[in-house]
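Let's take a friendly walk through this model, one region at a time. Have the sequence and the 3D view open as you read.

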Amino acid sequence: MKKARWWAAAGGVAAGAAGVVTGELIAAIWSPLLSPVTALGGAVIDATPPPVKDLAILLFGTADKAVLIICIALVAGLLAAVAGVLEYRRKGTGLLLAALAGVAGFAAVVTRAQSTPNAAVAPVAAAALTMVLLRVLCRHLAAWAPSTAPSTSTTPEPAPELTSPARRGFLQAIAVTGLAAAVAGGVTAVLRRATAAAADFRRGLALPAPSTAPQPVPAGAALDVDGLLPLITPNPDFYRIDTALTIPAINPPEWKLKVTGMVDREIEIDFATLLAKPMTARHVTIACVSNEVGGGLIGNALWLGWPVRELLAMAGPKAGADMVLSRSSDGWTASTPLEALTDGRDALLAVGMNGEPLPLEHGFPVRMVVPGLYGFVSATKWLVELKVTRFADDIAYWTPRGWSDHGPIKTQSRIDVPRAGRTAKAGTVQFGGVAWAQHRGIERVELRVNRGPWQRAVLAPGISRDTWYQWQLGIDLTPGEYEIQVRATDATGTPQTETRAPVAPDGATGFHTITVRVA
Ligand SMILES: Nc1nc2c(c(=O)[nH]1)N[C@H]1C(S)=C(S)[C@@H](COP(=O)(O)O)O[C@H]1N2
Ligand SMILES: [Mo]
């Protein structure tokens, strides 16, 4: 039946639309700065020769982006229709086309400058869903109108039974698919509107220059060892941890920070007032309590912000208060010792990260950064309230869930070079990595081979005691397999704990241990 081909095309379009829209929805929730469609659009723009670009701007003016999206939608729709027909004719061929489209989306996403690991999920999910729906729809269609090889059959195709259950099955399947696509599209549009407002404001935001300049990075702080991670972590590579299913989108003109609780006067400041305060720039390495020994949930950035102690001083904490419960716009809370916010360390109401406004996923427009404390008790993103209180009276998000109410960062060290399990060349094998004990500083890093004597590594100067330090050591090794361990000693002279402890309730301990094969 000829009409079946049209139905197959329609099925392809429905499956493709549901897949693409679901991908956009996942991106809106999970990686709001980069969706598969915007990534493809960006890739197309980059690949367009300048004369064509100029022509497009001449023809469409500021509508050029909308025209591009419409073109992408038309091409995608056409491809989806073809995929539907192919899949109906021959099982697997339409799926292959959908998979190829998924690969294109994936490639576009991962090669964009603003790409993050999160962003790669959406195109994969979109392609997978499209393939599943395509197969389901084609199965229903085949039950209703079995496809026949075009020329091998001499008998005319039997006329499809218009009221058959198979027909109803197909029409229901295609209707449900279309409806799901429409609902997902609606939700995406709502999320996008909020995110777009925040993202637009962020793009246009010029951060003030710091009144208190950052500590200079000492010469030699970044060691020249192949494979070491950068001393300052670029924003796209910065680890992200939070409980937010959708990244809160806060438009700064609507943002306020309240100071409440045990204070002489409750106060409230808005974003413009905050930005007008004298800003401090500081390198601080923040870390997650859930970081396993040797793990990557740690990053070092240059933060720009107003010291929390100044805002607290304006409110006047009452005697007896010992904790500040900071709250995010989505209700998450952290319990920070009042002392850590007032003892002169650079605890900041941060608005900038590595020279740009905070990325949305890192707490735009304002977050806390407190040197020396794990993020779960200090680094509140999308900050909206500071409640001055007592540990005896208030409880933070993670505390009833098996985690401590206090969280000073434990001294730790990590071997990044050579990668675990790699084979090294016999001779002098280069080892390198990082060590951290925020707000105490690192005095020494040592390595040992097969539990032999500790050998002192070259320790690079840290930017400050609030940041991590790089280290390196060359060790002569003959062919064989070795166990290498690292240990750091903080600047108070206390070596890191050898006893292994799990991440809960207040941070892992133990020596990072790797096996190196030397050949
Ligand atoms: N609003 C909010 N802020 C939060 C969290 C959260 O779940 N919600 N998680 C905290 C934890 S556990 C850590 S380790 C840091 C991580 O900050 P990052 O995602 O910018 O690296 O944010 C902290 N701030
Ligand atoms: Mo964390």
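**A buried histidine and its surroundings**

H439 counts as buried because its relative accessibility is 18%, where buried means under 20% relative accessible area, exposed over 50% and partly exposed in between (1.4 Å probe, protein chains only). This is a predicted model, in which local features need pLDDT of at least 70, side-chain atom pairs count only at pLDDT 80 or more, and totals for chains, interfaces and linings use all residues. Residues are numbered from 1 along each chain as its sequence is written, and side-chain values use heavy atoms, with hydrogens and water left out.

You will find H439 in the loop between strand 13 and strand 14 (442-449); strands (E, at least two residues) and helices (H or I, at least four) are DSSP runs numbered from the N terminus. Setting aside neighbours within four places in sequence, H439 is in contact (heavy atoms within 4.5 Å) with R345, P371, G372, R465 and D466. The side chains of H439 and D466 are joined by a polar contact of 2.7 Å. Such a contact is a pair of N or O atoms within 3.5 Å; within protein, one must be able to donate a hydrogen and the other to accept it, and residues adjacent in sequence count only if both atoms are side-chain atoms.

Four strands form an open sheet in the order 11-13-17-16, with antiparallel pairing. Strand 11 (412-417) and strand 16 (458-459) are at the edges with a single partner strand each, so one side of each has no neighbour in the sheet. Strands pair if DSSP finds at least two bridges between them; strand 13 (residues 427-436) and strand 17 (residues 469-477) have nine. Opposite F431 stands L473 in strand 17.

Conventions: Chains lettered and ligands numbered in written order.
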